[in-house]
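Visitor: Hello! Could you walk me through this model, one question at a time?
Guide: Gladly. Have a look first, and then ask away.

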Amino acid sequence: MDCYRSVFLSDLHLGSPWCRARNLLGFLENVTFEKLYLAGDVLDNWHLRRGHRLSRNQLLVWERLLEISRTRDVYYLVGNHDAFLDEGQPYYAVFRQAFAGMHVCRRAIHTAANGKRYLVEHGDAYDAALKSRTLTCAATLCYEVGRNILSRISAATSGRILSPARTEARVLRWQTWFTDFLSDSRNAILAEARRLGLDGAICGHTHLASLQECDGMLYANCGYWTGPCHALLETMDGSFQLRLWGQAWEQADKALEAGQASLQNASSLVAQIGAQLGAQIGSQIGSQVEAHVEARKEKAAQPCPREA
C-alpha cells in the first residue's frame, strides 16, 4: 500500500453521471496519507439540482471521506459546483453540520515537509469566463452536448472509432482550448500566491492535470475524476508527484499530451457544437470571446507574473 504525507484531489463531481466513483473507492482504499485536501467541486450541485442522485458507489465514496475526516485532517475547499457551502447560502448551517469533521473553507495554506508553503483553493475565483453568465452556460452546454455526442458514437461503434479514453481526451482538449482564451487562471493564482509570500499554488477547476515550475514557483492542478483520474501526492520529503490512477485511462493521459493535431481536432469539435447553440447565443459568445482573445494577445509574450 502506497503511503504519502498529503493527498490533493479535485473535481470529484459526486452526483454527476460521469463521476468515476469505483476508481475513487479503489484509490481511497489503497493509498494511505496523513492529510487530505479536497480542492473543490466534490459534490456537483449543478447535476443534483437537475434531478441526478448519488449512485451507490458515490455514496460509498462520501461515507469513506466522512470516515477519514474522523481520524485525519480533511480540508474541503469550496468550488463553483458546491458553492452552497459558502456562508450566507440557504441552509448553510445544516450543510456545515453534515460536514462535521471536515475543515470547510474557500482557501488554505499548506506547509510541505520541506517547509515550503502553498496556496490551495479550487481556482474558480480566477476564471474570467465565470464572470459572464452567457459564457458559463454556453461552455457547460457545449461540454455536455459534446460529451454526449462522442459517447454515443463510441457506444454505437463499440469503441472502434472513438474509445472512451479518446472521447474524454477530445472533449477535455476542447474545454482546455476554450477556457485558455477566456481566462488566464494559472498566472492569476500564481500572482496571488506570490502576493502572499508563498512558494506556489495548488488548485483544480480546469480539469487539466498539471505539475510544473513557473518562474521559480510551483503550479499544480489536481486534475479531475470524471475522466482520467489524477491525484496530486506529497511524499514524505515534501516533493510532489502527479499520478494517474488506474491503467484503463493511460491512453487518455497520453492523448492529453498530444500536440497541435489534437488541438485542431478540438477546434473542429467546437465549431460543430457551436452550430447547435443557435445564431443568437453564438453571436453573444463570439463577441465576448473576440474581446478576450484580443486581451490575451497583448499578454502572450509576457512571462509568469512577478510581484509589483
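Visitor: Is Asp124 buried or exposed?
Guide: Keep in mind that this is a predicted model. Asp124 sits in the loop between β6 (117-121) and α5 (133-156). Its relative accessible area is 12%, and buried means under 20%. Asp124 is therefore buried.

Visitor: With which side chain does the side chain of Asp124 make a polar contact?
Guide: Asp124 lies in a loop, between β6 and α5. At 3.4 Å, its side chain makes a polar contact with the side chain of Arg106.

Visitor: Which residues have the most contacts inside the largest nonpolar core?
Guide: That core has 33 residues. Elements giving two or more residues to the core include β1 (2-9), α1 (21-30) and α3 (56-69). Another core, of 15 residues, lies apart from it, with Ala39 and Ile202 among its members. Inside the largest core, the residues with the most contacts are Leu9, Phe27, Trp62 and Leu65.

Visitor: Why are the buried residues of α1 on the same side of the helix?
Guide: In α1, the buried residues are Ala21, Leu24, Leu25, Phe27 and Leu28. An α-helix has 3.6 residues a turn, so residues three or four places apart point the same way.

Note on methods:
Residues are numbered from 1 along each chain as its sequence is written. This is a predicted model: local features need pLDDT of at least 70, side-chain atom pairs count only at pLDDT 80 or more; totals for chains, interfaces and linings use all residues. Side-chain values use heavy atoms; hydrogens and water are left out. A nonpolar core is a set of buried Ala, Val, Leu, Ile, Met, Phe, Trp, Tyr and Cys residues joined through side-chain atoms within 4.5 Å. Buried means under 20% relative accessible area, exposed over 50%, partly exposed in between (1.4 Å probe, protein chains only). Helices (H or I, at least four residues) and strands (E, at least two) are DSSP runs, numbered from the N terminus. A polar contact is a pair of N or O atoms within 3.5 Å; within protein, one must be able to donate a hydrogen and the other to accept it, and residues adjacent in sequence count only if both atoms are side-chain atoms.
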